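This briefing is meant to be read alongside the sequence and the three-dimensional view.

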Amino acid sequence: MQAKPLRRRLLLLAAAGIVPLAAMAGIGLYALIAEDREQAARTGLEVTRALATAVDAELNRSIAVLQGLAIGPALDSGDLTRYYHSMLRAIETRPDWLTITLADPSGQQLLNTRRTLGTPLPLVLDLASLQEAVRTRAPAIGALSEGGAGSLAVPVRVPVVRNGEVRYVLTAAMKPDAFVAVLERQRLPRDWVVSVFDAAKMRVARSRMHAEFLNKPPAPSLAALFDHNAGDEGSGITRALEGDQIYTAFTRSRFSGWTVAIGMPAAAVDASAWRSLAAYGGGLLLSLVIAVLTALLVARGIARPIGALSEAAQALGRRQPLALPEADILEIRAVASALAAAAVERAAHEAERENLLLREQTARAEAERASRAKDEFLAMLGHELRNPLGALSNASWLLQAPNADAHTTQRAKEVIARQTEHLKRLTDDLLDAARAMLGKIGLHRAPLDLAAAAEGLLNTLQSAGRLAAHTVRRELEPVWIDADFTRVEQIVSNLVGNALKYTPPGGTITVRVARSGADAVLTVADDGAGMPGDLVGRVFDPFVQGERELDRAHGGLGIGLTLVKRLAELHDGSASAASDGPGRGSTFVVRFPAIAPPQAARTRPGAEKPRRQCDVLIVEDNADAASTLRSLLELGGHKVRVARDGQEGLAALRERLPDLALIDLGLPRIDGYEVARRARALVNGQRAPLLVAVTGYGLPDDRRRSAAAGFDEHLVKPVDFAALQALLARFNA
């Protein structure tokens with residue numbers, strides 16, 4: 001069977017159908033639309049010429065009346081009283097005039113029909129048109145002007161010449177309504193819009209909404225059309241003040257300098273083009289139907305094998321066996337052979353390629369991420385740890401110095417306390433960041449006034465003196481959220497701490513709490529260092545900080561803002577940042593879902609202070625930690641015993657059950673969990689001791705495990721002594 005090329009049949013389909021008709025239709029439609037638009041432009045120009053002539057005629061009628069009034073004998077004799085009465089009779093015959101004035105060549109009004117004879121009069125408005133009439137000794141048309149009473153009028157001026165000199169200038173103030181009447185007499189289509197502009201391009205009359213747009217400039221697109229056409233006429237497409245697209249034509253009068261512009265709706269102008277388009281489209285559609293029928297007849301011989309090829313291609317994608325068609329078309333046979341070869345090659349190489357690609361991508365991503373994280377984090381962590389460790393080392397040497405006085409010893413103690421707290425904060429931040437990124441932070445939610453939480457944190461910072469160098473503005477509106485108080489306080493603390501860090505002394509920090517829609521919004525803004533645009537987008541990423549100097553005066557590990565964003569998200573909220581650039585301050589916004597204020601809860605009395613000495617057992621294998629904790633408790637008046645491992649701890653428990661047992665979990669010989677379980681078995685009706693787990697592990701799973709072993713509380717090292725005192729007070733209560 002002789003094979004035939006598929007190209008020959010496809011060319012037949014293309015040649016029989018689309019190309020000639022589409023080209024002919026396109027050329028015809030383009031020519032038709034162009035002709036319609038040119039005709040609309042010609043029609044518009046003819047109408048504007050007629051309107052401009054009508055406007056000039058209206059102006060000339062007023063000029064003629066003024067010229068007749070100017071030859072009155074009273075002006076020759078200087079009898080202004082008699083001339084004033086002539087002006088009054090003239091104004092009664094011209095309802096389209098607002099007033100008639102007589103002025104000297106300097107512009108000082110002498111007579112005004114709207115003012116009583118003898119009343120002092122000001123200078124005329126639009127002095128430029130009066131000066132033009134004096135200079136040219138010919139009538140002049142002024143610009144639309146607003147009189148003292150707020151009325152608008154067009155000054156039409158005629159010089160009164162005697163003996164070759166201009167003695168007076170007679171002016172008629174024409175009402176804009178006179179030109180509206182001119183437009184209405186032309187009986188133009190109702191959907192057309194016509195405007196008349198004075199020489200200053202201010203609107204004198206408009207066929208639609210005349211009062212609203214009186215004394216207003218042309219629409220921006222019309223003004224551009226005026227500027228683009230330097231001659232006396234022009235046309236183009238603009239937008240009316242109402243926003244409609246219109247075909248516009250204008251004519252500028254050489255006599256008055258005024259411009260008449262008309263706008264014809266684009267829909268009306270293009271209507272004939274659309275009708276022609278429908279005719280052409282119908283013909284084209286009929287041709288396409290014929291082409292499709294022809295294509296169906298021609299394609300019948302190739303549709304079946306092409307369908308089989310399509311099914312074979314889909315089977316190749318699904319990794320199924322191929323069913324290739326038998327065809328008499330050369331190209332189809334070539335495609336079938338190519339599909340068969342592709343199936344063989346795919347089966348041979350696909351598994352290997354996918355495996356290699358996956359391993360390469362995984363290895364590269366892991367290596368790059370590990371390298372960056374290692375370098376950045378170790379560099380920052382090393383710096384942040386060496387600073388407090390150096391201060392602790394120096395303080396310890398001061399305490400050992402034989403010649404250290406009491407003041408030096410006290411300062412060394414303060415340094416140790418301060419730097420120990422700093423190390424604790426660093427450790428807590430690292431652990432919180434890890435938990436937040438792993439989604440392992442547990443929230444203890446309760447109704448919370450966000451403004452009160454922020455106020456309390458700010459008061460704490462102020463009491464500690466951390467706000468002394470800055471101006472802190474508080475704009476706190478009570479708004480309630482369902483949140484974990486400790487985590488919300490951590491969010492506020494991190495944001496305010498960040499602002500203090502990057503705002504120079506004397507700067508202003510604003511803390512704002514307000515409700516916006518369904519959200520409670522916390523905003524912390526400053527006028528400090530600001531951020532470049534690229535930093536704003538990644539400021540919440542782990543270990544990201546602003547530009548750092550070599551001395552790292554600002555400190556920090558770059559995880560505070562990461563915690564802010566993650567904690568906000570755990571509360572079903574969000575965090576965002578904004579800055580106008582370096583040196584222009586930063587703004588951080590955290591949003592929480594707002595809730596209705598709860599009913600006022602009954603106030604609980606505060607915890608009582610310890611009323612008696614407590615018997616405390618410390619089970620700790622770290623001698624320094626056990627010794628210092630024992631000293632602190634004994635200073636508080638408590639009786640303290642110390643056991644070095646789990647076996648000693650159990651022996652001490654058997655000897656006498658304490659009030660409170662502080663048990664390290666990582667003990668030698670017997671761990672803390674087992675000590676707690678056996679301690680519970682020793683109670684036998686006696687008052688059970690308060691068992692407190694003391695450990696460096698503080699994840700939710702660690703707390704659940706300690707509770708399951710029998711512990712009442714779980715404290716994370718280093719132990720917060722205030723929290724320990726609260727436990728002693730609770731035991732006494």
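A residue is called buried when its relative accessible area is under 20%, exposed when that area is over 50%, and partly exposed in between, using a 1.4 Å probe and protein chains only. The model is predicted, and local features therefore need pLDDT of at least 70 and side-chain atom pairs count only at pLDDT 80 or more, while totals for chains, interfaces and linings use all residues. Residues are numbered from 1 along each chain as its sequence is written, and side-chain values use heavy atoms, with hydrogens and water left out.

**Aromatic pairs**

- Rings of Phe, Tyr and Trp (its six-membered ring) pair if their centres lie within 6.5 Å, and planes under 30 degrees apart count as stacked, over 60 as edge-to-face and the rest as tilted.
- On that basis, a search of the whole structure finds four aromatic pairs, among them the edge-to-face pair of phenylalanine 197 and phenylalanine 226, with 5.7 Å from centre to centre and 80 degrees between the planes.
- This pair links distant parts of the chain, since phenylalanine 197 is in strand β7 (residues 193–197) and phenylalanine 226 is in helix α8 (residues 220–228), 29 residues apart; helices (H or I, at least four residues) and strands (E, at least two) are DSSP runs, numbered from the N terminus.
- Both phenylalanine 197 and phenylalanine 226 are buried.
- The rings of phenylalanine 226 and phenylalanine 250 have centres 4.9 Å apart and planes at 70 degrees, so this pair is also edge-to-face.
- Here too the pair links distant parts of the chain, from phenylalanine 226 in helix α8 to phenylalanine 250 in strand β10 (residues 245–252), 24 residues apart.
- Phe197, Phe226 and Phe250 form one aromatic cluster, in which phenylalanine 226 counts as buried because its relative accessibility is 3%.

**Charges over rings**

- A charge sits over a ring if NZ of Lys or CZ of Arg is within 6 Å of the ring centre and within 35 degrees of the ring normal.
- The charged end of lysine 565 is placed over the ring of phenylalanine 540, 5.6 Å from its centre, and arginine 705 lies over the face of tyrosine 673, at 4.0 Å from the ring centre.

**The largest cavity**

- On a 1 Å grid over the protein atoms alone, a cavity is a set of points where a 1.4 Å probe fits but cannot get out, whereas a pocket is an open set with protein on both sides within 12 Å along at least five of seven lines; lining residues have an atom within 4 Å of a point.
- Grid points are joined across faces, edges and corners, and a volume is the space filled by probe spheres set on the points.
- The structure holds one cavity of 30 Å³ or more, and the volume of the largest cavity is about 130 Å³.
- Its lining has 16 residues, of which Val193, Ser195, Leu222, Ala240 and Ile246 lie nearest the centre of the cavity.
- Strands β7, β8 (203–206), β9 (233–239), β10 and β11 (259–265) each supply at least two residues of that lining.
- The lining divides into nine nonpolar, four polar and three charged residues, where Ala, Val, Leu, Ile, Met, Phe, Trp, Tyr, Cys and Pro count as nonpolar, Asp, Glu, Lys and Arg as charged, and the others, Gly among them, as polar.

**The second largest pocket**

- About 460 Å³ of space lies in the second largest pocket, which is lined by 25 residues, with Thr99, Gln109, Asn112, Leu125 and Gly147 nearest its centre.
- The lining of this pocket is made up of 12 nonpolar, nine polar and four charged residues.
- Glutamine 109 is in strand β2 and, at 11% relative accessibility, counts as buried.
- The side chains of glutamine 109 and asparagine 112 make a polar contact of 3.0 Å, a term for a pair of N or O atoms within 3.5 Å; within protein, one must be able to donate a hydrogen and the other to accept it, and residues adjacent in sequence count only if both atoms are side-chain atoms.

**Backbone features**

- Most residues other than glycine have a negative phi, and most peptide bonds are trans.
- The peptide bond from lysine 717 to proline 718 is cis, with omega near -10 degrees, and proline 718 is in the loop between β23 (713–716) and α21 (721–732).
- Aspartate 126 has a positive phi, near 55 degrees, and is partly exposed, with a relative accessible area of 22%.
- Asparagine 163, in the loop between β5 and β6, also has a positive phi, of about 55 degrees, and is exposed, with a relative accessible area of 82%.
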